[in-house]
Structure formats: C-alpha cells, structure tokens
There are 2 protein chains.
Amino acid sequence: MLARAGHDVRFLMRRDLAAVQARGLDIRSHRGDFRLDDVQCFASAEEIGAVDWVLCALKTTALGEARALIEPCLGPTTRVLALMNGLGVEEQLAGWIEPGRVFGGMAFVCLNRGEPGIVHHLDYGRLTIGHLGDEPRQLEELRALLAAAGIEVVAATRLRRARWEKLCWNIPFNGLSAAAGGVGTQTILEHPGLHAMAERAMREVVAVANEDLATFEHSDFLDEGAVVAAMFAQTETMGDYQTSMTIDYRLGQPLEVDAIIGAPLRRADELRIDVPTISALHALVDSADQRMRTGK
Amino acid sequence: MLARAGHDVRFLMRRDLAAVQARGLDIRSHRGDFRLDDVQCFASAEEIGAVDWVLCALKTTALGEARALIEPCLGPTTRVLALMNGLGVEEQLAGWIEPGRVFGGMAFVCLNRGEPGIVHHLDYGRLTIGHLGDEPRQLEELRALLAAAGIEVVAATRLRRARWEKLCWNIPFNGLSAAAGGVGTQTILEHPGLHAMAERAMREVVAVANEDLATFEHSDFLDEGAVVAAMFAQTETMGDYQTSMTIDYRLGQPLEVDAIIGAPLRRADELRIDVPTISALHALVDSADQRMRTGK
C-alpha cells in the first residue's frame, strides 16, 4: 500500500524475487485486489542501501539474521519498524540500534502467501504500532505516514501493553493450533476442552501482562473479562482460520515458539506467576518444533 | 501362564484366532520365552460357555461390548476380573454383575502384540489385583490362584487406591505420549518442558486421588513426593517405552481417553479440584481421538 501510494519502497525478497521481477506483485484482498506492476525488488540488503524506514517483517525464528539484513540499510536517521510477533523483539533490536529509532508493529490480519508473487489477504488488516520509548511525536509521524497510504493503523500509547494484548490471542490460538496437531481456529472453538484450554491460557496471559505492566509503572491494565469476550467474539468471525503456527507446523517449518510463548513464559517465571496452561502449550509446541528440526 | 500351569484356560480371540489355531501361542518374554502348542481358542463367548473366572482384558474403548461378550460365560458363581485401564470400570461391570463377584486388575507390564500368535513381553510383569468390595478372603483366593501359576501378583487392600496409583503414571505418560504427537517415554523424560508437565499432571492426580479416597473413608493416602520419585525412577528404566496410547495414536485406533483421563477429570470436577494440566491433556487427547474417528 505504501508503494501504491507513491513511496519509494524497496523489497528484499527471497522465494518470490524472480516471480515479482517477471510479473509484479499481486495482492488479492478482501478489501479490493490490486497489483504493483513495477516493483523494486532486491536479493540483498546491500543493493537496497540506506533508507528512511526499515520495515522488518521476518519471522521471529529468523531474528538472529535481522542484524545482517538490516545494517546495510541503516543511515544516520533510519528508523526501524519490527512487524513481528512475540515479546522482546524491539528490545533485542535495541541491542544494536539506538532505542529511540525502534518501533514495533502488530498486524491484526489474516493472510497467507500463495504461489510466488501472490499475496492472499483473507480478513482484517489493522496495524497497531508503538514506539519502544513510547514517545508520542515519533509515533505520530509513523502513524501519519501509514494512514496517508490508506492503511488502517492504530497508534498504541504503550507498546508493551499492545504487545501483551496481541499475545492474549497468539498464545492460546497459535499455541493450541500447533499443540493440537495443526488445526484451525474453528476446531479450537468447537471442541469444548480445547475452547476451555484456550480461555484458560488467555486468562493466564492477562495475569502475567498486568504484573509485567505494573513493573513498568503502567497503570492501564488489561481487563480480563473484556479481553476474553472480545478475543473469542473476534475469533468466531474468522471461519476456520489457519494460524501462522499451524501453517508452519503442517509445512514442517520452524515454529515461532520462543517469541510467542517462550519469552512470555520466562517473564511469568521471573514474576513468579503460575501459568500451567501456558507451560503446557510451550512444552508441547517446543517439543514438536524440536522433533521437526531434528527429523525425529 | 495359567494355561502353562495346567488350568483349563479358554481364549476368546479375534485377530489372532487362525494363527493360534494353526501354530499355538508364542510368548517372547524378558523373563523367559515359552509357547503353548495346544491352545483352546474360540471365536465367540457362546462357544466358551460358563466358566469359574472371566479375565476381561478389553480396551476400555470397547467397554460397551463387555456385557455381550461376558454374559455367555457367566454361571451362578462365576467371578470376573477386569484387567483394564482407568477409573470406574469395575463399577460399570457391577451394573449387571453382582458386585461381590467383580475384581479389578492392573498390569504393570510393557508388552506389545506383534504378528498374530506372538506376544512380545518387553519389561516388568506385575499384576496388582483388588476386589470391588475390598473383601480380603475373596481377594486372597484370586491372589493364590495367580501366584501358584508363577505370576507376580500383589493384592491391593483397597482397589480404588490401587486404581488411582496406576493413574498417577497413566495420566501423565499415556496422556502426554499421545498429546505430544505419538512419542515414547524417553522423549517425555528428556524434554524439560514435557518432563515438568508430566510431573505437574502427576501431582494433580495425587491431589484428586486423596480427595476421592477421603470421600470413601479411606485414610491410606498417596504420598505426593514418594509417588513422583518412584514413578519417574521407574520410567527412567523403561527405555523409550511406547505407551499403549502412543501405539493406538500412531495406528489411528481409538484412544482410551475416557477411562484413563476423562473419568478422573470428571471426578476432579465433582470434587471441585482445579487440575489445569489434566484438563489440557484431556482436551488434546480427546480432540486427537475425535479427529481420528471422524477422519478430519
């Protein structure tokens, strides 16, 4: 959408590079299809060079590669938006990027990549953004940029709160979709035991989130009942949505288990909060991930 | 072993009938191989007729068939030993057999059936028996019969306590072996998260067991620490044992989820004990079982 709005957008591509060079980028969206015929796409970050903004949409399983991929694009004022899942991603980037230049983004969107050069945008499409230092002016600049391109964007006053809010969905639904053997959201909603387990996990996430936010002197806590009601109501409208973790599970690809479940679980341990359901999800998804990696 | 000791043992067989008629029964045991050349085996309970003892070793998933299979073998004094897993089996049999004639047995044994006519006895071999009414004389009669045939047998003063003690192993290890996608005990012991989840489930079982026993005015409670230490030490010696539930899972056969996890979970609910890990195991194994049955 930024490219469609006329911005100088340069894509770093792997699997889709040749297809997009040959045929452009095809977005099949429930909000209206569109295509980009002439896409600036590159095989390496060095070819892209320094930019104003880096939008990093790596899987968290590839977070270790982020520095080598991002550094060639950093100029003296470059800012970085981590459009990634999980807890602690921005903090890790801030280990080698000035923290004031690090932003986080959460995509509330159902999409899958299909054949090379085609993106299937199935449902939703909201972006919630935050700034690592929670500086309002910095955040407003990014919000305005994205909104002007037609993107549905919400600026979160508190990035960490927004991260936890997203985890309230991701931990139960991504976690269970993989733990139950690669199922969709409908299977979870329809099986009474899985439904109850998802709700229990969500309540545990809210408990950890609020304790965590308290340590950051945030006082805008999550309301457990409201979160559960809203998240389940939203999930009911998704059909049998295949979470990213279920898709990875079925394809035998690495699972984003550490960023989505591992980091929040470590935080719960630090805060000495008992989270049996999150622990169970982590154990099952992590062991599934290990078996896939080792081929056993 | 009863047949080897000279008792008139009549086997009701399905899959193995023709093979055993042709070649006898071949037991390959870590305690010494033996074979029975001339086996009395039958295709129906009607052909067997009334007997002194019925040894019922059905899977609990076939408990609904028990009555039709057992009734043709019942005479006026016939007693029935349920060599089955889970909680509540004897109580169900006592719905149509006089309770004083119902016994329960728990096999602490690692064995698999291989090709028809061959039994692989890999490890252990202890039978714990109890009487539904906990009558000592009745129990001693059965114990003596089995012991005289060379069977390692322990008479449990309290059948219900012995049932719970077995569940302390079966719920975590059978449950997790299926919930984690059909793994052996070694995978559970070696993965820190699965190991912790097994221990947590075991502690939850002990808590429910002791509350349940208290309602029956038993005072001989399970010692949580001792149970955990003993069960894990025993499991360490098993190698990568494939539980019955893991084998069923891999073969796509019905899982004994209700007797092993469902009935104890319902009891926990009745007693208002929070058992998040048992709930999680039940949800995951039950949904896996449903997907196998419906082919989804």
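Leaving aside neighbours within four places in sequence, which residues is A:V102 in contact with? They are A:V80, A:E90, A:L93, A:A94, A:I97, A:H131 and A:L132, where contact means heavy atoms within 4.5 Å. This is a predicted model, in which local features need pLDDT of at least 70 and side-chain atom pairs count only at pLDDT 80 or more, while totals for chains, interfaces and linings use all residues. Residues are numbered from 1 along each chain as its sequence is written, chains are lettered from A and ligands numbered from 1 in the order in which they are written, and side-chain values use heavy atoms, with hydrogens and water left out.

- A:V102 has its place in strand β7 of chain A, where helices (H or I, at least four residues) and strands (E, at least two) are DSSP runs numbered from the N terminus.
- A:V102 counts as buried because its relative accessibility is 0%; buried means under 20% relative accessible area, exposed means over 50%, and partly exposed lies in between (1.4 Å probe, protein chains only).
- Although A:V102 and A:R79 are 23 residues apart in sequence, their C-alpha atoms are 6.1 Å apart in space.
- A:T78 is found in strand β6 (residues 74-83) of chain A, and A:T78 counts as buried at 1% relative accessibility.
- The side chain of A:T78 reaches the backbone nitrogen of A:G75 at 2.6 Å, and, not counting residues up to four places away in sequence, A:T78 touches A:V51, A:D52, A:W53, A:V54, A:C73 and A:R101.

**The two domains of chain A**

- The domain assignment of chain A gives domain 1 (10-157) and domain 2 (160-294), with bounds that come from an automatic or database domain assignment.
- The C-alpha centres of domain 1 of chain A and domain 2 of chain A lie 23 Å apart, and the contact takes 25 residues from domain 1 and 23 residues from domain 2.
- The area buried between domain 1 and domain 2 of chain A is about 2,000 Å², of which carbon and sulfur atoms give 52%; buried area is the accessible area (1.4 Å probe) that two parts lose on being put together, summed over both.
- Across the interface of these two domains of chain A there are three salt bridges, a salt bridge being a side-chain nitrogen of Lys or Arg within 4 Å of a carboxyl oxygen of Asp or Glu.
- The side chains of A:E90 and A:R163 meet in a salt bridge, at 2.5 Å from N to O.
- On the side of domain 1 of chain A that touches domain 2 of chain A, the elements that give two or more residues are α4 (89-93), β7 (102-113) and β8 (118-131) of chain A, and the largest share, nine residues, comes from β7(A).

**Where chain B meets chain A**

- In this interface, 22 residues of chain B are in contact with 22 residues of chain A.
- The area buried between chain B and chain A is about 1,600 Å², with 62% of it given by carbon and sulfur atoms.
- Two salt bridges are counted between chain B and chain A, and the side chains of B:R200 and A:D274 meet in a salt bridge at 2.9 Å, N to O.
- The elements that give two or more residues to the side of chain B that touches chain A are α6 (159-179), α8 (192-215) and α12 (276-294) of chain B, and α12(B) gives the largest share, 10 residues.

**Salt bridges within the chains**

- A search of the whole structure finds 50 salt bridges over all chains.
- A:R31 forms a salt bridge with A:E152, their closest N and O atoms being 2.8 Å apart.
- Because A:R31 lies in the loop between β2 (25-29) and β3 (34-36) of chain A and A:E152 in strand β9 (residues 152-155) of chain A, the pair ties together parts that are 121 residues apart in sequence.
- A:R31 is partly exposed, with a relative accessible area of 48%, and A:E152 also counts as partly exposed, at 33% relative accessibility.
- The side chains of B:D16 and B:R113 meet in a salt bridge at 3.4 Å, N to O; B:D16 counts as buried at 6% relative accessibility, whereas B:R113 counts as exposed at 54%.

Conventions:
A polar contact is a pair of N or O atoms within 3.5 Å; within protein, one must be able to donate a hydrogen and the other to accept it, and residues adjacent in sequence count only if both atoms are side-chain atoms.
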